[in-house]
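Please keep the sequence and the model in view while reading.

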Amino acid sequence: MMFKKNDIYEIKITGLGNDGEGIGRVDGYTLFIKDAIPGDIIKARITKAGKSYGYARVEEIIVPSDDRVEPVCPVAARCGGCQIQHLSYEKQLEFKQNKVQNQLERIGKVKGFTMHPIMGMDNPYFYRNKSQYPVAMGKDGRIKIGFYAGRTHNVIETEKCYIGTEGNEKILSVIRNHMEVHHILPYDEVNHKGLVRHILIRKAFATGQLMVCLVINGKSYPHADSLVEQLLKFEGMTSVCLNVNREKSNVILGKEIINLYGEGYITDKIGDVAFEISPLAFYQVNPVQTVKLYQTALEYAGLTGKETVWDLYCGIGTISLFLAKSALHVKGVEIIPEAIENARNNAKLNAIDNAEFFVGKAEEVLPAYYEQQERKGIKATADVIVVDPPRKGLDIRLRETMVKMQPDRIVYVSCDSATLARDVEYLTQNGYVLTDVRTCDMFAMSGHVETVILMSRKDK
Ligand code: SAH
């Protein structure tokens, strides 16, 4: 059968894709359908037809799935921020748990591991400590601040974001007002003109400290003093800064920070460890779940106080310092220099003196260290290696060095189960066995899931 654009088919949704889209089949042809969920019977209109699969949208829901719920957010369907608010939370968790297990079995070709129950949230709303709002000029000449609609750069105004930090809308309204009064224009990505591109707001949930960072296509923000004065009325406002981004690019943040108020960071706590966080550094967005994730990583690391631990992709040293108290020595590696500066300060802040940090790519720093030791006639080893890479997973050179160092345990924290599974296959073929898998719902209402696994040496 030939499938083409605008064809309409009646279809039952049987799966959920990585971005939360429904998956259904007509005569073996797979369709990915935004806003459809397993159990729905729908009329789907094809929007793009490829050879073996295509994309479609919901034309009509004929029989809704039993797992459908009314989204709490009025713009949930249009806004690209959430993908599966219309799926009951219980089923979201089930879907994520199954996805990770299937990918490990199918791509990783592993079996016999213990799949622990997913760690879900008691309240899956208002969980994010960080939001990046695009700013744009509306057709009516009013400044719009919100989130992009799915797959486009149309800004959907979000009065109140149900997964964001409560109260952010008041801060946004102060900034919008300040821009209007002083005729400061939002950035226009078509003409590369205008000033304000994004507004980044971060809140440290444990301490209440707030950071506001305006991402601008320029070097200064007019009447900055009066904006700072107004922002300081918000309780907890600790840092107000500018980020310079003059590139024609979708990347949100540029490299340069200009502080308008404060020291350029806010301080948060995870468990009983305190962390300074600068705007350019990565920091887990869901603090309630982060504690559970790190506690699992700590448990899997199996520390007794005698171990040498590497924490690769360490960010501001969160996992490193979380583990340092139970280890002999921790070495953290991270690519962003500002994050390593935070990590070093964070060690001092917590009086931790058995952690050291290196700036660089994990896939360069670790092999270089290994070779340098080898030249001295020393075989570099580690008891535990923790990795927490971005979605693309581990670089081949890094995997090879990890295996050469023969750690007893590898603790892998992953935000992409497909690349995790690929790396698990490699490690399984090179002397390691997957024993424990635990998923953690860091991103409720989206299709994403965080996983932490333990792999141990087969000969141990
Ligand atoms: N473990 C940290 C950070 C995890 S996010 C935490 O839990 O907070 C992944 C981190 O890897 C980011 O800080 C990112 O800047 C960093 N990173 C990305 N590519 C890298 C590479 N090739 N080498 C080292 N770090 C990298």
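Around the ligand stand 17 residues, of which Q284, Y294, E334, A362 and D388 come nearest; a residue is near a molecule or strand if one of its heavy atoms lies within 4 Å of it. This is a predicted model, in which local features need pLDDT of at least 70 and side-chain atom pairs count only at pLDDT 80 or more, whereas totals for chains, interfaces and linings use all residues. Residues are numbered from 1 along each chain as its sequence is written, and side-chain values use heavy atoms, with hydrogens and water left out.

By class, the shell around the ligand comprises nine nonpolar, four polar and four charged residues. Here Ala, Val, Leu, Ile, Met, Phe, Trp, Tyr, Cys and Pro count as nonpolar, Asp, Glu, Lys and Arg as charged, and the others, Gly among them, as polar. Two helices, α5 (318-324) and α7 (362-375), each supply at least two residues of this shell; helices (H or I, at least four residues) and strands (E, at least two) are DSSP runs, numbered from the N terminus.

Y313 contributes a backbone N or O atom, 3.1 Å from a nitrogen atom of the ligand. A polar contact is a pair of N or O atoms within 3.5 Å; within protein, one must be able to donate a hydrogen and the other to accept it, and residues adjacent in sequence count only if both atoms are side-chain atoms. On its own the ligand has 570 Å² of accessible area (Shrake-Rupley method, 1.4 Å probe), and the protein covers 91% of this area.

The next topic is the open sheet. Its eight strands follow the order β6-β21-β22-β20-β19-β16-β17-β18, with mixed pairing; two strands pair if DSSP finds at least two bridges between them. At the edges stand β6 (114-119) and β18 (355-359), each with a single partner strand, so one side of each has no neighbour in the sheet. Neighbouring strands of this sheet are turned by 15° against each other on average, direction ignored; axes are lines fitted to C-alpha atoms, for helices over the stretch in contact, and angles run from 0 to 180 degrees between N-to-C directions.

β6 and β21 run parallel and are joined by four bridges, with M115 opposite V437 in β21. β21 and β22 run antiparallel and share eight bridges, one of which pairs D436 with L454 in β22. Strands β16 (308-312) and β19 (384-387) pair in the parallel sense over four bridges, and L312 has V387 of β19 as its bridge partner.

α1 (89-106) lies across β6, β21 (432-440) and β22 (450-457), at about 150° to β6. α6 (337-349) lies across β17 (329-334) and β18, at about 170° to β18; contact means heavy atoms within 4.5 Å.

Elsewhere, five strands close into a barrel in the order β1-β2-β3-β5-β4, with mixed pairing. Its neighbouring strands are turned by 50° against each other on average, direction ignored.
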